Amino acid sequence: MNGIVVDLGGAQGIVPPHEMELEWLLASPEPGGRFAGYVTAVDDPLVMLSRFGRRQRRRRTRRRETALAAMTARLDEPAERKVVPGVVLTAGEQGALVALEDGLITGLVPALALESRPYLTAGHRHHFRVIGQPMDQGRHIDVLLWPQPGGV
């Protein structure tokens, strides 16, 4: 499972990326820092955690579904594909992981695009065109992206 593992003092919890705020994902708490959040499920040996209460999680889920639907509505029409701003979380041999919609949606820029765009580095904001959805849903990537010329 993808996310940030949290030590609960004898037990371990995991916070999925889409449940966290973008700033928390980028800076993550210091080692030994305290987690303030909610237990959402117990699945031995991990406890599922969230930074948000039940109502906030429902609102975030609706926002995420709406934003994802808007991004992927016209993928079959190349000229109509959506351009969205995002923050590069990591960039490496596999491509660049990008946070969209304040961390609610995760995008991947293929490694092929990074060869001619060395400016795509972690922590920087850029515009990206949504070009598709990943075949492998197990990677926790919502959309495939291509960088637009110029930054945000």
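Arginine 64 is partly exposed, with 21% of its relative accessible area open. That value comes from a predicted model, as does everything else here.

What does the side chain of arginine 64 meet in a salt bridge? Its partner is aspartate 142, at 2.6 Å from N to O. The two sit in distant parts of the chain, 78 residues apart: arginine 64 belongs to helix H2, while aspartate 142 lies in the loop between strand E8 (125–132) and strand E9 (143–151). Aspartate 142 has a relative accessible area of 13%, so it counts as buried, the cut-off being under 20%.

How many salt bridges are there by this rule? The count comes to 2. In the other pair, the side chains of arginine 74 and glutamate 77 meet at 3.4 Å, N to O. Arginine 74 is partly exposed, and glutamate 77 counts as partly exposed too. As a bit of background, side chains of opposite charge can pair when their charged atoms come close.

Here are the accessibility values for the residues in those pairs:

| Residue | Relative accessible area | Class |
|---|---|---|
| Arginine 64 | 21% | partly exposed |
| Aspartate 142 | 13% | buried |
| Arginine 74 | 42% | partly exposed |
| Glutamate 77 | 34% | partly exposed |

Now for the charged surface. Which residues form a positive surface patch? They are Arg54, Arg55, Arg58, Arg59 and Arg62. Take arginine 54 from that group: it is found in helix H2, which covers residues 54–72.

Conventions. Residues are numbered from 1 along each chain as its sequence is written. This is a predicted model: local features need pLDDT of at least 70, side-chain atom pairs count only at pLDDT 80 or more; totals for chains, interfaces and linings use all residues. Side-chain values use heavy atoms; hydrogens and water are left out. Patches are made of residues with over 30% relative accessible area and no salt bridge: like charges are joined within 9 Å, nonpolar side chains (Val, Leu, Ile, Met, Phe, Trp, Tyr) within 5 Å. Accessible areas come from the Shrake-Rupley method with a 1.4 Å probe; for residues, only the protein chains shown count as cover. A salt bridge is a side-chain nitrogen of Lys or Arg within 4 Å of a carboxyl oxygen of Asp or Glu. Lys and Arg count as positive and Asp and Glu as negative; His and the chain ends are not counted. The place of a charge is taken as NZ of Lys, CZ of Arg, CG of Asp or CD of Glu. Helices (H or I, at least four residues) and strands (E, at least two) are DSSP runs, numbered from the N terminus. Buried means under 20% relative accessible area, exposed over 50%, partly exposed in between (1.4 Å probe, protein chains only).
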